[in-house]
Amino acid sequence: MGRTYRIRKKRRLASPDSTAYRIGKSSGEIDGFTSLSVWMSKEGWKPTCKIVPAMFPDTGRGFVARKNIECDDVIVKIPGHLLITVKTVSGSKIGRLFNDKKPFSAQQVISAFLMWQKHEGEKAFWCSYITSLPSSSSSPVNLHEEELQLLPEFLARPIRAAKENILDLHLDLINSLDDSDVCDNCNVPFTEIFSLDNFMWAWSMVNSRAVYISPERHSEHLINLSDENTLAMAPYLDMFNHSCNAKVQAYIDAKDDSYQIRTCNSYLKNQQVFINYGSHSNLKLFLEYGFIIPNNHNDGIPISYDNIISGVTKYFPCFKMYSDVLNKRYKFLKSHEMLNNLNVHADGLSWNTKVAIYILTSAEDVSPRAMQQKVFSGCFEDRDLEIISNVGLYIVANKIVEYQKTLQSFNDRVGKRFTDNACLKMARDLLQEYLNVLDNSRASFNL
């Protein structure tokens with residue numbers, strides 16, 4: 001659910017335990033929210049609990065509880081007519097650009113709507129919401145190629161893929177327009193309104209702030225979609241920050257079509273109130289939202305089958321399993337999908353990593369059936385656990401060296417030239433978080 005996190009230039013890591021805050025009219029961020037809430041109130045919105053906007057030193061703009069909030073309280077309720085959906089676009093003045101035409105993705109359609117509303121300015125119905133959004137995005141897709149070349153490949157590769165996808169979606173949108181497609185109010189061509197810069201902004205807003213809705217909801221429209229109709233922009237939700245520890249229920253209320261979030265946590269007065277965007281790793285958060293959080297329990301450092309073979313060979317210097325037996329073991333792991341999710345976590349190895357080490361280090365005369373029974377029962381013997389720990393420790397130690405070199409190389413390349421680039425700083429922090437995960441993992445073996 002909610003992809004609604006605001007990034008501030010001075011923020012680097014989001015801490016879910018922050019309680020220090022400041023509130024005041026001196027903050028333009030808060031003033032923008034006041035304008036938004038006034039508009040929403042005129043449109044029938046009412047707060048469901050006593051929370052107010054605040055500026056936090058580590059998470060930036062967010063909500064603070066002014067009274068205790070109990071588990072199961074509804075912390076936000078957005079009227080259905082204030083949601084921006086594909087149905088909203090289809091019924092608007094620019095619906096003609098999409099209705100009964102070639103397929104478009106939901107993100108393309110809603111991005112186009114945001115660009116049009118931004119162009120309309122004060123005449124736009126959603127003007128207060130549009131102006132409450134940041135004028136720029138800190139998503140890594142905004143990095144230039146010169147900056148991308150500074151990143152390690154495992155970060156640069158998905159960012160380049162995302163940028164290429166955005167360029168394709170923008171070109172697809174522009175190619176769908178005719179010369180007669182101009183703004184009704186000022187005759188500016190939509191090819192100009194939907195410029196690449198504007199599209200990059202709008203795409204980032206949808207990508208980081210859209211909430212999930214059931215495909216059955218808001219299905220009465222004339223737009224031919226290339227994907228499921230599951231996105232909606234919900235004003236006000238941008239104020240809530242993300243925490244891995246937050247538990248919420250988000251849903252469309254069938255009674256009044258409003259979008260509601262119910263907290264499964266309780267909050268004391270003066271605590272920051274959080275929502276949860278999903279069980280995302282820091283890599284996912286960085287790539288999709290442009291932020292990371294410290295000590296993210298969803299983080300896993302990927303390892304390869306070759307890393308495991310290297311560890312097994314190191315622990316067993318005489319490891320010379322016949323190639324046909326080794327191939328059978330590999331096929332066994334692959335057929336049972338045990339070569340997926342090979343990761344190292346802060347508390348040790350993932351289950352599949354443990355299984356792969358056990359399978360590869362089992363005696364050659366152990367039958368596949370016997371291995372399978374032990375794997376699925378989880379009843380490893382002490383000797384098995386000792387081998388798994390020793391091999392795992394070697395793998396983790398190697399990964400620590402690898403990421404130390406990666407971080408040092410990154411710092412050397414960045415130097416002083418890009419010291420003010422918030423996105424590159426975030427990438428550096430991500431690498432450091434990975435090293436922290438590996439250090440904690442190494443300590444967890446307790447050998």
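How many Å should the 33 residues of helix 14 span, and how far apart are its end C-alpha atoms? At 1.5 Å a residue helix 14 should span 48 Å, and its end C-alpha atoms are 47 Å apart, which agrees. The expected span is 1.5 Å times one less than the number of residues.

Before going on: this is a predicted model, in which local features need pLDDT of at least 70 and side-chain atom pairs count only at pLDDT 80 or more, while totals for chains, interfaces and linings use all residues. Residues are numbered from 1 along each chain as its sequence is written, and side-chain values use heavy atoms, with hydrogens and water left out. Helices (H or I, at least four residues) and strands (E, at least two) are DSSP runs numbered from the N terminus.

**Helix 14 and helix 12**

Select residues 382–414 for helix 14 and 351–361 for helix 12. The two pack at an angle of about 115°, with axes 9 Å apart. Axes are lines fitted to C-alpha atoms, for helices over the stretch in contact, and angles run from 0 to 180 degrees between N-to-C directions. Helix 12 and helix 14 are therefore roughly perpendicular (65 to 115 degrees; under 35 is roughly parallel, over 145 roughly antiparallel, the rest oblique).

Show side chains next. From helix 12, Lys354, Ile357, Tyr358 and Thr361 meet a set in helix 14 that includes Asp384, Ile387 and Val391; contact means heavy atoms within 4.5 Å. By class, this contact of helix 12 with helix 14 has six nonpolar, two polar and two charged residues (Ala, Val, Leu, Ile, Met, Phe, Trp, Tyr, Cys and Pro count as nonpolar, Asp, Glu, Lys and Arg as charged, and the others, Gly among them, as polar).

**Helix 6 and helix 8**

Select 153–175 (helix 6) and 196–209 (helix 8), which pack at about 120° with axes 10 Å apart. That angle makes helix 6 oblique to helix 8. Ile166, Leu167, Leu169, His170 and Leu173 of helix 6 meet Leu196, Phe199, Met200 and Trp203 of helix 8. The contact of helix 6 with helix 8 has eight nonpolar, one polar and no charged residues.

Last, find the open sheet: four strands in the order 1-2-9-6, with mixed pairing. Strands pair if DSSP finds at least two bridges between them. At the edges are strand 1 (51–56) and strand 6 (241–242), each pairing on one side only. Strand 2 (60–65) and strand 9 (272–275) pair in the antiparallel sense over two bridges. Select Val64 to see Gln272 of strand 9 opposite.
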